[in-house]
Amino acid sequence: FPYTTLFRSGILESRQGNTTAGESAFAKAEALYRASSDIEGSAEIAYQRGYAATVRGDTEHARKYLEQSLRAAQDIPSIQLEIRALTRMSATEYMADNTDQAISLANQAIQLARDNGLDYWAIDGLVRLGNAYLTRGDYARAEPPEQEALRLASEGGRARLIAFAELSLASIRNMQNKPAETIDYAQKALDYYKPAGFAPESTSALTLIVRSERDKAEFKKALSSAQDALDIVKKMSNRASLVQSEELVGSIFLDLEEYPDALTHFRAALEAARAVHQSVEYELIDCADTLIRLGRYTEAQAMLGEVAGGGAQDPRINALIHLARARLLLSQR
């Protein structure tokens, strides 16, 4: 009983973004499992730790825990846990832009699930496969597995998998610059995720809706959706997600030419980015761009200098630096 209570507590805390509380519960449960030589329990703990790490964008720890879980699942053996570990490892690798590895892992999971008659996990694997191709920018190959997953999930009445496929299809439509279809798929996914309390997935759906509303120049609607997403993220205590949400709200205020409010949110995004050591250059450029529009040129130059001083190698970042400097010079006449 204490094992189960601690284990479930760890899952709930980590799903809500309470990383410290979740890890504490997992550590206590793992100690009990190890003391009783419960290999399956320890393997499940490793999987849940890996799951939590992927949600917060920590690919290094995600790989470590998921590989532990996979090895244990193969030793037990537990086919279902092995498939779950493979699908989550696929998600980790496409987050890290290792698309070939993500595709390979997804295909392994799909085949293993089909060989063992585990339809749920075969559908889950199809969505992972589509997401891996989406990360590569190969929309022609991303769409078929997502549509097959949606069809199979709908036929089986599997609501969570339906929403999963819809969210992925919304991402494809967003990259294809089809805002109306993006909103349609994303809203259907949100209608499942938000009432069920899936915070990261709800945020992803809202983000896609915001981008599409912004693309349609519906800035007031976009701002409302973006603030809803930010409210969800703030409850998650997830700084990696906070970067994206603060930046999104800031970008809407920028489009509305409400520059002080835009700067407030871009600075919040920068603070969160520094904390997780991700996207710092982009957030500095967003802040600098807004400062230029406010006529605060010295501060803007300092921020652009900080980006350039960091030795930015990414040509996209260098292009944005030059664009911001050109805007600054033009503003100064």
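Predicted model: local features only at pLDDT ≥ 70, side-chain atom pairs only at ≥ 80, totals over all residues.

Reader: Does Tyr 193 count as buried or exposed?

Author: The term buried applies under 20% relative accessible area. Tyr 193 has a relative accessibility of 3% and therefore counts as buried.

Reader: Rings may also be approached by charged groups. Which residue has its charged end over the ring of Tyr 47?

Author: For such a case one considers both the distance from the ring centre and the direction relative to the ring normal. The residue is Arg 84, with its charged end 4.3 Å from the centre of the Tyr 47 ring. Tyr 51 provides a further example: Arg 88 lies over its face, at 3.9 Å from the ring centre.

Reader: Let us turn to a single side chain. Where is Leu 206 found?

Author: Leu 206 belongs to helix α11, which covers residues 199-215. Its relative accessibility is 4%, so Leu 206 counts as buried.

Reader: Which residues is Leu 206 in contact with, leaving aside its neighbours within four places in sequence?

Author: Contact is a matter of heavy atoms lying within 4.5 Å. With those neighbours set aside, Leu 206 touches Leu 190, Ser 225, Asp 228, Ala 229 and Ile 232. A separation between C-alpha atoms is another kind of value: for Leu 206 and Ala 189, 17 residues apart along the chain, it is 9.6 Å.

Reader: What does the secondary structure of the whole protein come to?

Author: The protein has 17 helices and zero strands. Its radius of gyration is 22 Å, close to the 20 Å that the globule rule gives for 333 residues, so the protein is as compact as a globular protein of that length. Along the principal axes, the C-alpha trace spans about 70 × 40 × 35 Å.

Reader: What share of the residues is buried?

Author: Buried residues account for 48% of the 333. The accessible surface comes to about 15800 Å², and carbon and sulfur atoms contribute 49% of that area. As for contacts with a separation of 6 or more, 55% are between residues 24 or more positions apart.

Definitions and conventions. Residues numbered from 1 in each chain as written. Heavy atoms only, no water. Helix = DSSP H or I, 4+ residues; strand = E, 2+ residues; numbered from the N terminus. Buried < 20%, exposed > 50% of the residue type's maximum accessible area, 1.4 Å probe, protein only. Lys NZ or Arg CZ within 6 Å of the ring centre and 35° of its normal. Rg over C-alpha atoms; globule rule 2.2 N^0.38 Å. Areas by Shrake-Rupley, 256 points an atom, 1.4 Å probe, with all protein chains shown as cover.
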